[in-house]
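I opened my notebook to look up a few residues one by one. The entries follow in the order in which I made them.

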Amino acid sequence: MVYKPVLILAAHTGAAKDFANRIYQKLANHKNGCWRKYLLKEINIDFHPDKEIKVEILENVREHECYFIHDSSLYPQDWKESLLQVNDALMISDAAVINNVLPYMCYSRQDRPTGRTPISAALLAENIKSSGAKRVLTTDLHNPAISGFYRGISFENLKLGYTVLIDYIKEKHGDFLKNAVVVPPDDGAARRTSGYGKRLNLSSVSIEKIRDGKTNEILEMKIIGDIKGKNALIVDDIVSTGGTLCDAAHILKEKGANSIYAVATHGVLCKDKYGKSAKEKIEASPIEQLIITESIPRKDDGKIKIVSISDFIGEVIKRITHAESISELYEI
Ligand code: R5P
């Protein structure tokens, strides 16, 4: 059987181009039994004058396995629409297998109805499936159960927190870890935080939020556990407006925490309803460093440290294209 080269595709402009290039370099220079060939190719993703999205596949993709590395720094609506159009264009152009690499899954916090609201994460999954994708690679989903919306195609929810982020913290912040506890900033982060605690061999301290029964406003925050003189590692999956993280950091400092670090996979880092940015809040908070991945392309900035995931994603693509296990990556 003759295998055609695997195509690594990204938009010719935009933040994913450099990311895709680093993934490609990892694949092209792989030594460990890698017999597949990979090629890096560009896709034209642009706008018509009326702002409709315009996609064009610039080269032959017929019968090739294609990995489209999408740019998560696009606005969610542009991200979704351009993804669907790329898949459609690849399908029309006769690609053999369409794989979507979506390091940050937009709409993942809209995963259940709350009153008269859509299940946007399920709607997105239906759209992606019907646009021709045969596999989706994403990372640290807000709710792992979202994978069920992708029934019928292959779906990988890669654990970046438990691999690249924990490795980074162990390597760079050994002294901090000697006297540290892990802290979930809210109830939703408890499970993820205990996963970090287990892997870093740290105990957990929690924050109880006492709310007004009618307005749901936070009236008081209490610390459950011993924080005085300890370093605190706050763990979350997403930092959006930065409110959750910074509120937790302030109460931890007030109750006597020593150094405060925070870690999360996805740095959405947007403004809140008052126009204050997550970055401003983090810089003004007691957090000494926020460690996030490049699931949404960014550069180091002030207290914000970006950890690269391109080698990890490259390794995953290498394993898929060689029919090897991905879960073994977590056991190394
Ligand atoms: C929510 O459940 C997530 O895990 C994060 O805690 C949340 O998205 C953070 O949002 P923000 O940064 O706007 O407080």
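I looked up Asn231 and found it in strand 11, residues 231-239 (strands are DSSP runs of E of at least two residues, helices runs of H or I of at least four, numbered from the N terminus). I noted that this is a predicted model, in which local features need pLDDT of at least 70 and side-chain atom pairs count only at pLDDT 80 or more, while totals for chains, interfaces and linings use all residues. Residues are numbered from 1 along each chain as its sequence is written, and side-chain values use heavy atoms, with hydrogens and water left out.

Leaving aside neighbours within four places in sequence, I listed its contacts, among them Asp175, Asn179 and Ser259 (contact means heavy atoms within 4.5 Å).

Next I turned to the aromatic pairs, of which the structure holds four (ring centres lie within 6.5 Å; planes under 30 degrees apart count as stacked, over 60 as edge-to-face and the rest as tilted). The rings of Tyr150 and Phe155 have centres 4.5 Å apart and planes at 25°, so I wrote this pair down as stacked. Tyr150 is buried at 1% relative accessible area, and Phe155 also counts as buried, at 16%.

The rings of Tyr162 and Tyr196, with centres 5.7 Å apart and planes at 70°, are edge-to-face. Tyr162 lies in helix 4 (residues 161-172) and Tyr196 in helix 6 (residues 190-200), so the pair ties together parts 34 residues apart in sequence.

Notes: Phe/Tyr/Trp six-rings, centres within 6.5 Å; stacked < 30°, edge-to-face > 60°. Buried < 20%, exposed > 50% of the residue type's maximum accessible area, 1.4 Å probe, protein only.
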